[in-house]
Amino acid sequence: MNVRQLFTRTALLISLVFHAGAFQPIPQRELHSSRTEAMFAKKKPTKVQTAKANHDNKWQPLFERLVQYNQSHDNFAVTDDEELSLWLQEQREQFLGLQKGYKVRLTRKRAAALERIGAIDDELF
């Protein structure tokens, strides 16, 4: 039995139960109305889901840029790339929050990757 069949049977049951009371039964034509169809339609992602996807899509390229910066400059004192500098500062703040047990966007896996390359252990931090 699929969801639509279950919903239809449930709606019929409810209409029969409430028929004796003040409620009117649901007409059969309304069981398959556009309102019911809308309930089964695929929903758009929420703003939170979209923001998370955007965050996930931006993290890896910035991490790779940080690795390249470290290889060419031999440190994490990012001064000539403002976007990378702000991102690294945010990651360090997120890392501290993660250590203190706060709810942060930085995952443990990403925190470990930052530690592995030495971005968290830097003396500027």
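Select Glu 83, which is partly exposed with a relative accessible area of 48%. Partly exposed lies between buried (under 20% relative accessible area) and exposed (over 50%), using a 1.4 Å probe and protein chains only.

Before moving on, note that this is a predicted model, where local features need pLDDT of at least 70, side-chain atom pairs count only at pLDDT 80 or more, and totals for chains, interfaces and linings use all residues. Residues are numbered from 1 along each chain as its sequence is written, and side-chain values use heavy atoms, with hydrogens and water left out.

**Stop 1: Arg 65**

The term covers a side-chain nitrogen of Lys or Arg within 4 Å of a carboxyl oxygen of Asp or Glu. Glu 83 sits in helix α4 and Arg 65 in helix α3, 18 residues apart, so the pair links distant parts of the chain. Helices here are DSSP runs (H or I, at least four residues), strands are E runs of at least two, and both are numbered from the N terminus. Arg 65 is itself partly exposed, at 29% relative accessibility.

**Stop 2: Asp 81**

Now show Asp 81. Its side chain and that of Arg 65 form a salt bridge at 2.5 Å, N to O. Arg 65 belongs to α3 (residues 47-73), while Asp 81 is in the loop between α3 and α4 (82-100), 16 residues away. Asp 81 is partly exposed, at 22%.

**Stop 3: Arg 105 and Glu 90**

Go to Arg 105. It forms a salt bridge with Glu 90, the closest N and O atoms being 3.3 Å apart. Arg 105 lies in the loop between α4 and α5 (108-117) and Glu 90 in helix α4, so the pair ties together parts 15 residues apart in sequence. Glu 90 is partly exposed, at 27%. Shared partners join Arg 65, Asp 81 and Glu 83 into one salt-bridge network. The whole structure has three salt bridges.

**Stop 4: the core**

Select Trp 59, Leu 66, Leu 84, Trp 87, Leu 88 and Leu 114. Of the 18 residues in the largest nonpolar core, these touch the most other members. Such a core is a set of buried Ala, Val, Leu, Ile, Met, Phe, Trp, Tyr and Cys residues joined through side-chain atoms within 4.5 Å. Helices α3, α4 and α5 each give two or more residues to it.
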